[in-house]
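Here are my notes on this model, as numbered points.

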Amino acid sequence: MQTDQQTRATVWPDQIFDVFKETGITQVAYVPDAGHAKLINRCQDEKSMHTVSLTTEEEGVAMLAGSWMGGAKGVLLMQSSGVGNCINMLSMFQECRLPLLMLVTMRGVWGEFNPWQVPMGGSTASALTGAGVIVHSAERAEDIRDTVYASTLLAFQTCRPVAVLIQQRVIGFKNWSK
Amino acid sequence: MATKLKTPAGLDRRKVVAALLADRGDALVVTGLGSPTYDTYAAGDHDLNFYLWGGMGGAAMVGLGLALAQPKRRVLVITGDGEMLMGLGSLATIAVDAPKNLAIAVIDNGHYGETGMQRAHTGRGVDITGMAQAAGFKSSTTVRSMADLNEWLTTFHRKPGPVFGDIKVSAAPAPMALPLRDGTAIRHRFRAALLGTDALK
């Protein structure tokens, strides 16, 4: 039997998927990440959505500029280590006042095993803020749905780039013993 | 050591881009920063030109997003060799996604024209046509003459994509021609022309 905590830990990807459906997100660009694995699978199985696998996160930033110019809404799914890759491409969003929704799963901040994740994890929020992106953070599983929903509205209703940081505490520990 | 420019040989970039856009129909055009943006403007300003002045390496991916959002319209990306080299991974991404309505033309002078004419890898033997082909583009062509170009135009405008062309042009500078550069103005104009003025609400 699942505990409440385990239930919360497994439903948030479904809740994000429901927000995408409700808000008309049709393009999903991603660099694979374990934290987003379930959400990516759900989007791939959904006929109204088109998923695009990227070689680097900045491709997704550029792609979503084109998506919105063409009248579609998209989202970029990525891990905190990829935020640094996006910085110059984000200038397009500030200069053209384009909406952008980024969902960033955090590494390097809570219970991390890999020390190489720590530098980018520590500077993710400030790097995004410095690049003109509004940053929201979801610290607990039960906050994720509303934070993603509010960020989606903010991004597309006000034409601003918005990132949601899904904190590592929500994602749980990575088991390195197997 | 400063790079010594050889006597400019090859195609006139302005004539090339004018030919690429002469029969653009209802195509949507994305231009890579620097000379391709100026060349496209010089060929005739158009509301459906998305002139990029930054975001180097992103032109092809902007084209992909647009092509996915507007599957019934042809999307033409006109960019430079240095810009394309900065986004080589996007050739793999686009080939895998395989949008039928996307075509990319690289105006390849083998140099970085905006920054002092340093040689680019394309001017040192790197074959980006081969890279696009190896990535899996449906069509990938190097264009070296106006006759080649005239033959390739049908592919650029009509052949199921993704289509890639690397057009070898002279490194000679072209006269100044600067389009609108305010990003919000460019995006307002483009979206109003494509989606109607309701898109501005």
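1. Start with strand β1 of chain A, residues 25-30. In this predicted model, β1(A) pairs with β2(A) in the parallel sense, over four bridges. Within that pairing, A:Q27 stands opposite A:H50 of β2(A).

2. The pair belongs to an open sheet of six strands in chain A. The order is β2-β1-β3-β4-β6-β5, with parallel pairing. β2 (50-53) and β5 (134-138) of chain A have a single partner strand each, so one side of each is left without a neighbour in the sheet. On average, neighbouring strands are turned by 20° against each other, direction ignored.

3. Next, the interface. Chain A contributes 27 residues to the contact and chain B contributes 30 residues. Together the two chains bury about 2,000 Å², with 66% of it on carbon and sulfur atoms. A:M69, A:G70 and A:C96 account for 27% of the area that chain A buries against chain B, more than any other three residues.

4. What about polar links? The count of salt bridges between chain A and chain B is zero. The rule does find 10 residue pairs in polar contact across this interface, counting residues at pLDDT 80 or more.

5. Which elements build the side of chain A that touches chain B? β2, α3 (57-69) and α4 (87-96) of chain A each supply at least two residues. α3(A) gives the most, with eight residues. By class, this side of chain A has 13 nonpolar, 11 polar and three charged residues.

6. One element links both topics: β2(A) stands at an edge of the sheet, and β2(A) also supplies at least two residues to the side that touches chain B.

Terms used: Residues are numbered from 1 along each chain as its sequence is written. Chains are lettered from A and ligands numbered from 1 in the order in which they are written. This is a predicted model: local features need pLDDT of at least 70, side-chain atom pairs count only at pLDDT 80 or more; totals for chains, interfaces and linings use all residues. Side-chain values use heavy atoms; hydrogens and water are left out. Two strands pair if DSSP finds at least two bridges between them. Axes are lines fitted to C-alpha atoms, for helices over the stretch in contact, and angles run from 0 to 180 degrees between N-to-C directions. Contact means heavy atoms within 4.5 Å. Buried area is the accessible area (1.4 Å probe) that two parts lose on being put together, summed over both. A salt bridge is a side-chain nitrogen of Lys or Arg within 4 Å of a carboxyl oxygen of Asp or Glu. A polar contact is a pair of N or O atoms within 3.5 Å; within protein, one must be able to donate a hydrogen and the other to accept it, and residues adjacent in sequence count only if both atoms are side-chain atoms. Ala, Val, Leu, Ile, Met, Phe, Trp, Tyr, Cys and Pro count as nonpolar, Asp, Glu, Lys and Arg as charged, and the others, Gly among them, as polar.
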